[in-house]
Amino acid sequence: MSTKTFRLRIRRSLADQNLQIALDGNALRRTVGRLNAFSSVPDYQERRRRAHAIKADVIAHLDQYLSRFIAQVTRNGIRVHRAADAKEAIHIFLEIAREHDARLVAKSKSMVSEEINFNHALEPAGLQVVETDLGEYIVQLRGERPSHILTPAVHLTRAQVGQLFHDKLGIPYTEDIPEMVATARRVLRQVFLTADIGVSGANFGVAETGTLCLVTNEGNGRMVTTLPPVHVALMGIERLVPTMDDLALFLSLLPRSGTGQKLSAYTSLINSPKRFEDLDGPQERHLILIDNGRSAMRNSPLVEALSCIRCGACLNACPVFREIGGHAYIGQDGSIAPYPGPIGAIVSPGLFGCENYGQLAQASSLCGACQEACPVDINLPELLLRVRAGESADEQKSLEGLGVPALLKLGLQGFQLAARSPFLFSVGERLGGLLSHSYSPRKKYMRLPAWTGWGYSKDFPRFETSPFRSRWKKMEQAINTEAQVCRPPKNPAEYIAPPVPSLAARFSDELAGIGGQVYRLPEKEVKARLAKLLQERGIERVAVDDIGEEYVTGMETVRVPDPTVWAGVTGALLGIAESGSLLLVGGEGRPLTASLLPDIHIAILRASDLVPDLAQALARPEIRPASAAVIITGPSRTGDIEMTLSIGVHGPKEVHVFLID
Ligand code: SF4
């Protein structure tokens with residue numbers, strides 16, 4: 001195998017019509033979604049600068065943060081294991097499985113598990129691992145690797161998934177996405193209920209509290225961490241944040257960058273296994289902290305890539321990924337890289353060696369779109385150049401050692417000279433502009449000989465005739481003129497501030513915007529309105545917590561997990577106005593499964609318990625002592641098939657909030 005195979009794979013991807021349609025749909029929706037989501041965050045640049053600084057500090061002092069985190073997690077009752085590499089991680093997991101005589105493993109999406117080849121490694125031991133994220137389930141049925149770190153089945157059309165479900169699950173062929181989602185819900189519900197072990201990743205670990213944070217949209221993350229008797233979390237050692245405050249910052253960036261949401265449907269905060277007084281949750285929790293090349297990468301020129309929070313935004317922004325998709329990122333040995341896209345072209349060689357995966361960095365135009373999209377402001381183009389220059393954890397080479405041709409070396413030295421002198425650079429720009437215009441007048445692109453590679457899938461734009469600095473100055477002038485027109489009046493008395501909606505109004509609007517339903521009513525009307533809603537749905541038994549029990553009348557109630565109950569009525573500790581979310585904290589009299597297993601979740605919330613934002617919610621002291629808490633933002637959803645939004649893949653299909661004014 002060689003780089004030739006890589007090129008062939010790229011050509012095959014470019015010629016694949018289905019893939020091109022699927023990738024175009026994904027890129028457009030994700031990019032627009034991200035921009036819309038950040039329009040409500042005016043201090044976005046400041047946040048990403050802070051995020052960058054926090055992650056840089058964590059990586060620089062990883063040993064201290066890790067020992068603090070491990071001490072807290074252990075104190076909380078979670079058993080911590082450390083794995084130096086994939087082999088050790090698998091060995092630890094098999095030991096846990098053996099202890100519990102486990103056969104069936106329900107797994108939610110985790111990139112680190114892809115990295116250690118988790119599913120295949122467990123097969124010889126007789127363990128059946130079932131992926132429960134819809135996209136992962138689809139690629140597992142096809143025997144493939146995910147093609148995107150967030151949307152694993154992004155390369156498939158609905159027709160392909162319809163055919164797959166027909167072939168593998170025996171249902172009649174359909175292209176109806178809700179029907180396919182309903183099938184997956186039915187099949188996977190059985191897996192959640194009968195699995196011996198639930199396996200998840202972890203988006204963040206909070207060093208201060210030992211909390212594991214898991215972000216999902218479908219509800220499978222909640223299922224695998226709540227229903228099976230044993231939960232095992234797999235986590236890369238770099239996924240730490242120092243405090244809950246920092247977690248709030250990262251949670252304000254991750255879902256917006258990844259899926260264009262203010263918050264994902266479920267943000268789980270896991271502190272400990274089931275406590276004596278809890279009505280649900282696993283008896284035992286384990287955390288496997290995986291190094292697998294990270295320590296070596298920390299001491300390499302690629303260290304900055306360890307700040308990645310795996311949001312996938314750089315993949316969606318990258319003009320190369322948008323054309324070739326994740327399966328085209330292959331190593332010299334022909335294996336699909338565990339991490340694709342711009343970040344994958346750095347992390348894959350960084351963790352697993354430049355020799356095999358160094359070629360991935362060639363799949364970049366170095367346009368900088370990846371860095372612009374990155375919520376942690378990682379300098380991806382610079383890191384890609386480092387990989388191209390052979391600088392990684394396993395080998396460090398200079399241009400000398402790379403055998404760069406003499407002519408190219410001369411050209412690069414000339415460019416270096418010009419780039420250091422503004423005068424020489426502008427002369428060079430003017431010359432380039434004049435030459436390109438006389439070479440192909442009146443054309444937007446230059447025609448170059450075929451051997452250069454230009455013109456095959458991308459054209460070479462003509463040089464500008466004026467230097468960059470003068471164009472930049474003109475643009476700056478235009479911005480200043482516009483800013484003067486929009487500048488607020490000097491006298492503050494003249495300024496009329498836009499009306500600020502009340503927290504209740506904002507909460508209601510936000511929740512309605514993501515498919516939830518809010519009823520604002522006085523307390524005395526709640527019981528009657530609730531009874532009417534349950535009656536309309538033909539419901540006779542309800543799952544409840546202590547608060548729900550107070551309001552449900554004339555109906556049988558249950559408190560232990562029961563998959564035959566169709567509605568759950570619970571209280572909520574608070575509501576978050578900026579995202580229309582509910583915070584539920586587990587504990588005595590508060591089973592979290594009441595808001596997870598039934599098709600309908602009804603929450604009782606007092607308007608006085610509304611807070612403006614996530615940071616205030618995460619600061620609440622009730623979270624820390626609880627074994628688990630969850631932030632629920634609308635009904636369960638997925639966009640895994642052709643990016644089409646489908647409601648209710650694993651969790652409730654409806655979320656109703658009775659907001660007591
Ligand atoms: S590099 Fe940045 S944009 Fe890309 S996945 Fe990581 S955090 Fe997201």
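**Cavities and the ligand**

Tutor: By the rule used here, there are six cavities of 30 Å³ or more. A cavity is a set of points, on a 1 Å grid over the protein atoms alone, where a 1.4 Å probe fits but cannot get out, and its lining residues have an atom within 4 Å of a point. Grid points are joined across faces, edges and corners, and a volume is the space filled by probe spheres set on the points. The model is predicted: local features need pLDDT of at least 70 and side-chain atom pairs pLDDT 80 or more, while totals for chains, interfaces and linings use all residues. Residues are numbered from 1 along each chain as its sequence is written, and side-chain values use heavy atoms, without hydrogens and water.

The largest cavity has a volume of about 170 Å³. Of its 20 lining residues, Thr225, Thr226, Arg285, Leu592 and Ala628 lie nearest its centre. Its lining comprises seven nonpolar, seven polar and six charged residues (Ala, Val, Leu, Ile, Met, Phe, Trp, Tyr, Cys and Pro count as nonpolar, Asp, Glu, Lys and Arg as charged, and the others, Gly among them, as polar).

The second largest cavity has a volume of about 90 Å³. Among its 13 lining residues, Cys308, Cys311, Cys314, Cys374 and Pro375 are closest to its centre. This lining divides into eleven nonpolar, one polar and one charged. The ligand sits in this second largest cavity, meaning that more than half of its atoms lie within 2 Å of the grid points.

Terms used
1 Å grid on protein atoms, 1.4 Å probe; cavity = no way out; pocket = protein on both sides within 12 Å on 5 of 7 lines; lining within 4 Å.
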